[in-house]
Amino acid sequence: MALDFTFTEEQEFFRQTIRDTVNRMIMPRVKELDEKEEFPWDLWREFAALGYLGLRHEEKYGGMGTDTITQMIFYEELARGSCGFFMSVTMQILMGTYFIGRFGNEEIKQRILVPAIKGEKIGTICFTEDQSGSDLAGTRTLATKVDGGWRINGRKQWITNGPIADFATVMATIDPKLGLKGLNFFLVERKTKDRDGFVPGQRLHKLGSRCSVTGELVFDNVFIPDENFLGEEIGKGVQYAGEILNEVRVMTGMSALAIAKEAMEDARQYANNRIAFGNPISKYQLIREKFAKFWAWYEAARTFLYKCAWMIQNNIPCINECMLAKYHATEMCMYAVEEAMRIYGGNAFCTEYPVQRYWRDAKFLLYGGGTHEVLCDYLGRVYCKG
Amino acid sequence: MGMEIVVLVKQVPDPEATVKIKTDTELEIENKYFTNFFDEIAIEAALRLKEKFGGKVTVLTVDPKRVDALRRGISMGADEAIQIADPALEGSDPFAIARVLAAYLKDKPFDLILAGRQAMDDDSGIVGIALAEALNLPHVHSIIGLEVDISRKEAKVIREVENGKEHLTCPLPALFTCQKGLNTPRIPLVMNVMKAMKAQIKKLDLASLGIETSKVGSPSIQAKVIRYLPPPKRPPVKMIKEEFPDNVKTLVRLLREEAKVI
Amino acid sequence: MSNEIWVLAEHQDGKVKGITFELLSGGVEFSKKTGQKVVAILLGSGLEEATKGLLPFADKIYLLEHPLLSPYTSDAYESALLPLLKEHQPSLFLGGSTSIGKDLFPRLAMRLETGYAPDCTELSVDEEGRLTVKRPLFGGKVFAEMVFSEARPQMATVRNHTFLIHENLRKSAEVLSIPIQLDPSSIKKKVIQVEKSPGERLDITEADIVVAAGRGIKGPEHFKIIEELANVLNASVGTTRAVVDEGWRDLKDQIGKSGKNISARLYMAFGISGAIHHVLGIGTCKTIVAVDTDPNALIFNYADYGIVGDLFQIVPALTEEFKKVLASEG
């Protein structure tokens, strides 16, 4: 009797608690967060005080040590609120602190991980560059071995939390000619008068997730000591990246679910109340079809994503599944936010209505964790190999 | 020293949940439940007293299966959770529930019992007050202010009345039902949420309480529901389409002559 | 067992409250079917004026006077009423769904082990005096019809404006003073202060007419125009949860969900979109008027009359029009 598609009572309780927390803390401010385009420090501190930033880390550093499915429930509920806040929080919980927790020595963990879990130091991860996104081998940020450490040179783009980050996990190459095998991860902190580090560069103004501040990080011959090398061996950067990419993709899928759901619930209310030609528009077949298609697609996406979460939790290899599930959920979300805009008709164009915000926020899902074009090329190749 | 506080909690359908009339005597309620809003206020009040004076907060519910309200209490900071459940309780009304609670609490040490002013399903507001009667405790209903003088074993409460507030003193032990405005319930820390997820809930049946089954369940009730009805239907709205200021004149005329309310 | 209909009379500053006249009027309607006598139960001290006010509305008045019965506490009222109720076991005992009724009746019913239905919006009796009531559940999404066992009295608290006050009752009640022994030590609670809300308006649960504004009012200072309309109509002013959460109005004015359920004869909603929580709180109002700028506002699904318009234009004009119309009738 293996298949069981239910959540436990405890998991349902956890979900209810997060949902209630999001409803109380974040929902009332969603519009303001989007409009202001500023990092919400007060909300960040309030949220950090609840302890959620430690969701993935060991208790000895102030974390909670929860399992993957619990984490995905958290992401699914958090993403219902402000997409920007979600991005900053998940960066802190997962990508920004994973390698510190995995490879940092005790001194680094105490100095960086512990305050990060408390929300006092803000972290991020740096992959993307001007000329490379999905194509990791195109990384040109250089790490040169020197006495006692490394020198890092380059510029990273599209860095979530970049303008306010205190520390970053940076993917750099020791030699571009080595391609993927040259890639490694390094801890670089923000430059202070006592310590060399990165400097925030230009800030990006985005279409969506606007309260998450995003920008460039500049590494100008930055010296970092040996212990800042994050890894057991040189050359395993891509392999290490693969360790979290599954989670990152499923997490992205969760946010796709949440945004799609919110958009279509809004659209449902609108359709049930908007009268045209004497009837609420939800009575018309072309409108109903949109909801039906969304619903089918959404349920499938959700089941697939939780299956991937289960596979990760049970250490079952699932690289392809996670890519497929992220791709599937994101395409579903694109459909949902597009159709929600259409259901709203002309009102969709008005910023007073939230439907345009879902549409704007959702667009980024197409790129995070690899563009769909790249994913499909890879997955198609895998499939054809048999 | 400290205070022993018991908080009565209930899991009720979310106000957003749809409630449909399936048959005359059966309702179909959408499976969206949450901790009764007023009970959370009671839990918060208990926790603040514990923070001030020390002691213990116990959350207590009478429900055959739903314990999320108890977990909510633990996640906010309560120490112990108790569930009373028994098939014989089927069909109980608020008075029967009060009798069951009284059977459990009659020999327990407590300084204060807190409850919400009403449950958002039956909206009756009876259990807390009836329990106070059964335990011979003084009670104050619908409080919006609470202070305890532990040395004098007394509470000072503010109760909401029409067009005003009453300030009262009440000796402890007592029972208070809590109203919105008393406090803002805290958002649980994830650490306590984890604790609540793993919490051991003490489950009790009627046999352990020493109450006769004739005092509970359908046979014990003195006023019963024979039929569920939809809310009274209103005829569709009459939209007054004239331009301003004629629409105002028409409205006033209709209110006088048609609705006859002016 | 006395085959009587008892009504707990509520009074403030010597004046009997509207709800009491409503319940007595209702009792009189019932008595036409059942032949029962209608009795007002009056507790307190300094009750001369209140007694006078009740004379036309009841067949009997039981007067329970004692200094410890004023101000109201459930302790004192319970001590005084229980022996009386046990002795007489009237057929029916009605109270208002008020801060007193909701506070006292559950204790009495628990002790007497009789049936009690709270916050009823419809009541009827058969020739034998057996009561049937309807009351709202789930905030008003569903109503329950309830009947009672043989235990007496059958008890119910009733929402304001469920019964109409009979304008021409010309009874002359027989007044009976009931001697009561009240042991001061049995009264545990002490009222140390009564704080009245500023202004002369009735509580929104009691008022005949309630006018309310929601988010559309755009700020606390604009409530002035609503107050002016209320003045002309002798109405009370209510509001929505959104406005209370902003801190523009006090919680006591909030209609719906965790606020109050109102049952006014006329309810006027200005700039209120009509969230479900709010509309459940107004369900038992007799006539509902809605004014909002959004033609798709949900409130129009629950109103009797609607105007799509700007409240800042409509409300002052309504005030003027009402003034004119009410003045013309002298």
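**Exercise 1. How many helices and strands does chain C have, and what are its overall dimensions?**

Step 1. Start with the secondary structure: in this predicted model, chain C has eight helices and 18 strands.

Step 2. Turn to the radius of gyration, which is 21 Å for chain C. The globule rule gives 20 Å for 330 residues, and the value for chain C is close to that, so chain C is as compact as a globular protein of that length.

Step 3. Finish with the extent: along its principal axes, the C-alpha trace of chain C spans about 60 × 40 × 40 Å.

**Exercise 2. Find the domains of chain C and describe the side of domain 1 that touches domain 2.**

Step 1. The domain assignment places domain 1 of chain C at 4-186 and domain 2 at 209-328.

Step 2. The C-alpha centres of these two domains of chain C are 32 Å apart.

Step 3. Now look at who meets whom: eight residues of domain 1 of chain C are in contact with seven residues of domain 2 of chain C.

Step 4. Sort the domain 1 side by class, and you get six polar, two charged and no nonpolar residues.

**Exercise 3. Work out how helices α5 and α8 of chain C are oriented, and which residues meet between them.**

Step 1. Two packed helices are described by the angle between their axes and the distance between the axes. For α5 (residues 223-233) and α8 (residues 311-328) of chain C, the angle is about 15 degrees and the axes are 9 Å apart.

Step 2. Angles under 35 degrees count as roughly parallel. Therefore α5(C) and α8(C) are roughly parallel to each other, and their crossing is left-handed.

Step 3. On the α5(C) side, the residues that meet α8(C) include C:Ile225, C:Ile226 and C:Leu229. Among their counterparts in α8(C) are C:Val315, C:Leu318 and C:Phe322.

Step 4. Classify the residues of this contact: 10 are nonpolar, one is polar and two are charged.

**Exercise 4. Describe chain A as a whole, then the meeting of its domains 2 and 3.**

Step 1. Chain A contains 11 helices and 10 strands. Its radius of gyration of 21 Å is close to the 21 Å from the globule rule for 386 residues, so chain A is as compact as a globular protein of that length.

Step 2. The C-alpha trace of chain A spans about 80 × 50 × 40 Å along its principal axes.

Step 3. Chain A is divided into domain 1 (9-117), domain 2 (123-235) and domain 3 (238-381). The C-alpha centres of domains 2 and 3 of chain A lie 30 Å apart.

Step 4. Nine residues of domain 2 of chain A are in contact with nine of domain 3 of chain A. The domain 2 side has five nonpolar, four polar and no charged residues.

Definitions and conventions
Residues numbered from 1 in each chain as written. Chains lettered and ligands numbered in written order. Predicted model: local features only at pLDDT ≥ 70, side-chain atom pairs only at ≥ 80, totals over all residues. Domains from an automatic or database assignment. Contact = placed C-beta atoms within 7 Å. Nonpolar A, V, L, I, M, F, W, Y, C, P; charged D, E, K, R; others polar. Axes fitted to C-alpha atoms, helices over the stretch in contact; angles between N-to-C directions. Helix = DSSP H or I, 4+ residues; strand = E, 2+ residues; numbered from the N terminus. Parallel < 35°, antiparallel > 145°, perpendicular 65-115°, else oblique. Left-handed = near helix turned anticlockwise from the far one by under 90°. Rg over C-alpha atoms; globule rule 2.2 N^0.38 Å.
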